[in-house]
Amino acid sequence: MRSIRRLAAPTLLTCLFLAGCSPLGTSDPSASDASTPSASTPGAAGEGRSIAVGAGPQKKYTVQQQPAAGSCHYRYEKGEPLEDPKCTPGAISPAVTQANLKSTICRKGGYTSGVRPSAYITGKEKRLNSASYGYTGRMGDAEYDHLISLQLGGDPNDYRNLWVEPADPGHRAGSGVNNLKDPVETKLHTAVCSGKITLAQAQQAIVTDWTTALSTLHLS
């Protein structure tokens with residue numbers, strides 16, 4: 001036992017001096033990398049489930065395979081449609097982090113138009129995804145929506161981050177897309193870029209329930 005102790009002491013000192021490691025397997029919270037995607041960072045309300053990380057922006061997008069027809073089911077909160085979390089849990093882009101907000105989603109001149117897939121790609125995906133969700137309404141009134149919007153660092157073309165969002169209650173048929181989720185996303189984007197909330201908090205709030213995201217983060 002004495003010989004083991006003699007070996008352990010100099011080994012521990014060498015580790016601490018050269019590598020800056022912590023004894024007994026502990027870790028230093030301040031050592032986290034600010035550029036790491038915020039997929040598993042807890043939100044303001046304590047939500048901390050991991051969000052998938054997608055492939056990020058691509059030079060050439062391809063049509064993504066969608067969940068099986070009829071396998072996804074809408075939820076409703078006060079009449080507002082919500083996604084099926086099993087089919088559409090959300091996915092973030094590795095190209096957007098808390099550390100590079102000023103050069104990505106918060107940059108002047110905009111970000112989303114440069115990473116958005118073409119209508120040729122999303123049009124095909126929308127038809128396939130409508131079958132996944134069993135959507136039978138007017139396609140022109142439904143939005144092929146990024147659950148975590150592009151302006152909040154959502155992945156541009158990961159099937160886990162896209163769903164056919166039906167029109168809001170009281171929407172006039174044939175009047176096109178006009179969903180209440182869109183202004184929620186804009187308010188979250190403004191709060192992220194102004195430093196009121198973190199990127200991770202916005203992402204967690206929107207995947208949990210977009211109808212309560214603003215109140216959860218005390219932005220309403």
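**Briefing: a strand pair, an aromatic cluster and a pocket**

Strands β5 (residues 143–146) and β6 run antiparallel to each other and are paired through four bridges. The model is predicted. Its protein chain contains five helices and six strands, and their order along the sequence is α-β-β-β-β-α-β-β-α-α-α.

**The strand pair**

- One of the bridges can be named by its residues: D145 has W163 in β6 as its bridge partner.
- Strand β6 covers residues 162–165, and its side chains point in two directions.
- L162 and V164 point one way, while W163 and E165 point the other way.
- L162, W163, V164 and E165 are all buried.

**Aromatic residues**

- A pair of aromatic rings is described by how far apart the centres are and by the angle between the planes.
- The structure has four aromatic pairs.
- Among them is the pair of Y133 and W163, with 6.3 Å from centre to centre and 50 degrees between the planes.
- Y133 belongs to helix α2 and W163 to strand β6, so their pairing ties together parts that lie 30 residues apart in sequence.
- Y133 has a relative accessibility of 5% and therefore counts as buried, since the cut-off for buried is under 20%.
- W163 has a relative accessible area of 0% and is buried as well.
- Y133 and W163 also belong to one aromatic cluster together with Y74 and Y76.

**The largest pocket**

- Empty space is found by rolling a probe the size of a water molecule over the atoms.
- The volume of the largest pocket is about 380 Å³.
- Its lining consists of 20 residues.
- Which residues lie nearest the centre of the largest pocket? They are R116, E143, Y144, H146 and L150.
- Helix α2 (119–133), strand β5 and helix α3 (181–193) are the elements that each give two or more residues to the lining.
- Sorted by class, the lining has six nonpolar, eight polar and six charged residues.

**The chain as a whole**

- The protein chain has 220 residues, and 40% of them are buried.
- Of the contacts between residues at least 6 apart in sequence, 73% join residues at least 24 apart.

Key:
Residues numbered from 1 in each chain as written. Predicted model: local features only at pLDDT ≥ 70, side-chain atom pairs only at ≥ 80, totals over all residues. Heavy atoms only, no water. Buried < 20%, exposed > 50% of the residue type's maximum accessible area, 1.4 Å probe, protein only. Pairing = 2+ DSSP bridges. 1 Å grid on protein atoms, 1.4 Å probe; cavity = no way out; pocket = protein on both sides within 12 Å on 5 of 7 lines; lining within 4 Å. Points joined across faces, edges and corners; volume = space filled by probe spheres on them. Nonpolar A, V, L, I, M, F, W, Y, C, P; charged D, E, K, R; others polar. Phe/Tyr/Trp six-rings, centres within 6.5 Å; stacked < 30°, edge-to-face > 60°. Contact = heavy atoms within 4.5 Å.
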